[in-house]
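I opened a new notebook page for this protein. My plan is to look things up one at a time and jot down what I find.

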Amino acid sequence: MSLRHAMLGLLAVEPATGYDLTRKFDKSISNAWHASHSQIYPELAKLEDAGMVEVVSEGARRSKTWALTDAGREELRRWLVEVEPSRQQRNESALRTFLAPRLLAPEDARIALQRDLDYVLEQRVVLLAIKQAIEEGGISSPFEPAVDLGLRISPVMEGWLRDQLAALPRSSRTKS
């Protein structure tokens, strides 16, 4: 997936400011795709130059609300229907788990893996809060599948990280 298509998808749901898009990435699809504030504004400019989004209103402090154009909607449809998705994944936790036990003392590897486990546990709390907010809103949200995916992956990641931690030797120090 590209940032371009993630943004087109979010704007297809409803028009948004750059700030709104940043919040939507953080609070809805971050477990599927991440985008920082500094990536969103340049991409909006590129999408505007390509005729895929347009400014539909301007607010305080020169904020702009962006909406999808017909060209943007067609590009999103083409990408969803015609383009074979990349099924390769980048997972920094998996890379660290591969490298840490081979390159670090067990105590340091444990710190690195525990940090990832703590993040997974914190992320589950965030996702549960988002799910609750969606349910309390009483309306279907286009972000429900992404939240559901995150909640399904979370226990798998937690178990996997716990297994990796358990497999580490207790100490690199030898008894004399």
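Predicted model: local features only at pLDDT ≥ 70, side-chain atom pairs only at ≥ 80, totals over all residues.

**Entry 1: what covers helix H5**

I started with the buried residues of H5, and what covers them includes helix H6 (106-137) and helix H7 (144-167). Some terms, before I forget: helices (H or I, at least four residues) and strands (E, at least two) are DSSP runs, numbered from the N terminus. Buried means under 20% relative accessible area, exposed over 50%, and partly exposed in between, with a 1.4 Å probe and protein chains only. Contact means heavy atoms within 4.5 Å.

Residues are numbered from 1 along each chain as its sequence is written, and side-chain values use heavy atoms, with hydrogens and water left out.

Which residues of H5 are buried? I found Ser93, Thr97 and Ala100. They cover an arc of only 80° around the axis, which puts them on the same side of H5. The face turned away from the buried side of H5 carries the exposed residues Glu92, Arg102 and Leu103.

I also checked the length of H5 (residues 92-103): its 12 residues reach 16 Å from first C-alpha to last, close to the 16 Å expected at 1.5 Å a residue. The expected span is 1.5 Å times one less than the number of residues.

**Entry 2: the overall layout**

I stepped back and found seven helices and two strands in the protein. From the N terminus on, the order is α-α-α-β-β-α-α-α-α. Of the 176 residues, 32% are buried. I looked at contacts between residues at least 6 apart in sequence, and 60% of them join residues at least 24 apart.

**Entry 3: the hairpin**

How many bridges join strand E1 to E2? I read off five between E1 (residues 53-58) and E2, and the two strands run antiparallel. Strands pair if DSSP finds at least two bridges between them. E1 and E2 form a hairpin with five residues between them, and arginine 61 in the turn has a positive phi of about 55°. Serine 57 stands opposite threonine 65 in E2.

I then picked valine 55, which sits in strand E1. Valine 55 is partly exposed, with a relative accessible area of 28%. Not counting residues up to four places away in sequence, valine 55 touches Glu48, Lys64, Thr65 and Trp66.

**Entry 4: threonine 69 and helix H4**

Threonine 69 lies in the loop between strand E2 (64-68) and helix H4 (70-82). Is threonine 69 buried or exposed? At 14% relative accessibility, threonine 69 counts as buried. Its side chain reaches the backbone oxygen of glycine 51 at 2.6 Å. Leaving aside neighbours within four places in sequence, threonine 69 is in contact with Gly51, Met52, Val53 and Glu54.

Next I followed the chain into H4, where the buried residues are Gly72, Glu75 and Leu76. They cover an arc of only 100° around the axis, which puts them on the same side of H4. Asp70, Val81 and Glu82 are exposed on the other side of H4. The buried residues of H4 pack against helix H1 (3-13) and E2.

**Entry 5: the nonpolar cores**

A nonpolar core is a set of buried Ala, Val, Leu, Ile, Met, Phe, Trp, Tyr and Cys residues joined through side-chain atoms within 4.5 Å. The largest has 18 residues, and those with the most contacts inside it are Met7, Leu8, Leu11, Leu21, Phe25, Leu44 and Val53. The elements that give two or more residues to this core are H1, helix H2 (18-29), helix H3 (37-49) and E2. H1 gives the most to this core, with six residues. Apart from it lies another core, of nine residues, among them Ala109, Leu113, Met157 and Leu165.

I zoomed in on methionine 7: not counting residues up to four places away in sequence, methionine 7 touches Leu21, Phe25, Ile40, Glu43, Leu44 and Leu47.

Notes:
Polar contact = N/O pair within 3.5 Å; in protein donor to acceptor, adjacent residues only side chain to side chain. Arc of directions from axis to C-beta.
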